[in-house]
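Please keep the sequence and the structure in view while reading.

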Amino acid sequence: MSFQLPDLNYGFDALEPHIDTRTMQIHHGKHHAGYTSKLNAAIEGTDLEGKDIESLLSELDMSNNAVRNNGGGYYNHCLFWEVMSPNGGGSPSGELHDAILSSFGSFEDFKSKFSAAAGTRFGSGWAWLCAKKDGSLEVCSTANQDNPLMEGVGCDGHPILGIDVWEHAYYLNYQNKRPDYVNAFFNVVDWSKVEENFIRARG
Ligand code: MN
């Protein structure tokens, strides 16, 4: 059983004007498809074959660069598509709202912290909102296609929201203006999905 490129829950043009159609098409159809097929090739015939993606990444020998990069790329993009929606934006409610207040003070303080993590990640990588088992939240960032499920990347907890800050995620529309892309991302975040992720991660 190999990993499959997931379909999006919305059209390639559905996140306009915040994320443009062409970027979505290339990002999903070329980049994410590439990580998926390279991950499958890297695990084929090894003892990693058949593991679910979260176990695979959390137990990974980090010197296995093919699986680290392509398994990370596979997982990260699956999460990224899921936490965006054409009906997104606004702010979290319910238990996630309460957890954000208790961990960051306010939603605005969380946004500043998350935007700073996304803005200051040098080169390519991701910024994350992670939930720990005790229900607290943390913002962090990782390089390349690493993610907080992996050992020793400087991020704990389970990722419940992530933003891709590789140039391929925004360059066509925003060029070098990564902060504008990060601001726009908040207009498409599906907070109900993030809350669902939070409740599952907290256990
Ligand atoms: Mn990407």
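## The metal site

In sequence, the donor residues of the manganese ion follow the spacing H-x49-H-x86-D-x3-H. The ion is coordinated by the NE2 atoms of His-27, His-77 and His-168 and by OD of Asp-164, at 2.0 to 2.1 Å. Donors are N, O and S atoms within 2.8 Å of the metal (3.2 Å for Na, K and Ca), and water is not among the atoms, so sites may look incomplete.

Asp-164 and His-168 are both buried. Buried means under 20% relative accessible area, exposed means over 50%, and partly exposed lies in between, with a 1.4 Å probe and protein chains only.

## Basis of the model

This is a predicted model, in which local features need pLDDT of at least 70 and side-chain atom pairs count only at pLDDT 80 or more, while totals for chains, interfaces and linings use all residues. Residues are numbered from 1 along each chain as its sequence is written, and side-chain values use heavy atoms, with hydrogens and water left out.

## The disulfide and the other cysteines

A search of the whole structure finds 1 disulfide, a term for a pair of cysteine sulfur atoms within 2.5 Å. Cys-140 and Cys-155 form this link, with their sulfur atoms 1.9 Å apart. The link is right-handed, with 125° about the S-S bond. Strands (E, at least two residues) and helices (H or I, at least four) are DSSP runs, numbered from the N terminus. Cys-140 is buried at 8% relative accessibility, and Cys-155 is buried at 4%.

Cys-78 is in no disulfide, as the nearest cysteine sulfur, that of Cys-130, is 17 Å away. The sulfur of Cys-130 has its closest cysteine sulfur in Cys-140, at 4.1 Å, which is too far for a bond. Cys-78 counts as buried at 17% relative accessibility, and Cys-130 counts as buried at 0%.

## A pair of packed helices

Helix α5 (residues 107–120) and helix α7 (residues 178–185) pack at an angle of about 145°, with their axes 10 Å apart. Axes are lines fitted to C-alpha atoms, for helices over the stretch in contact, and angles run from 0 to 180 degrees between N-to-C directions.

The contact (heavy atoms within 4.5 Å) is made by Phe-114, Ser-115, Ala-118 and Gly-119 of α5 and by Arg-178, Val-182 and Phe-185 of α7.
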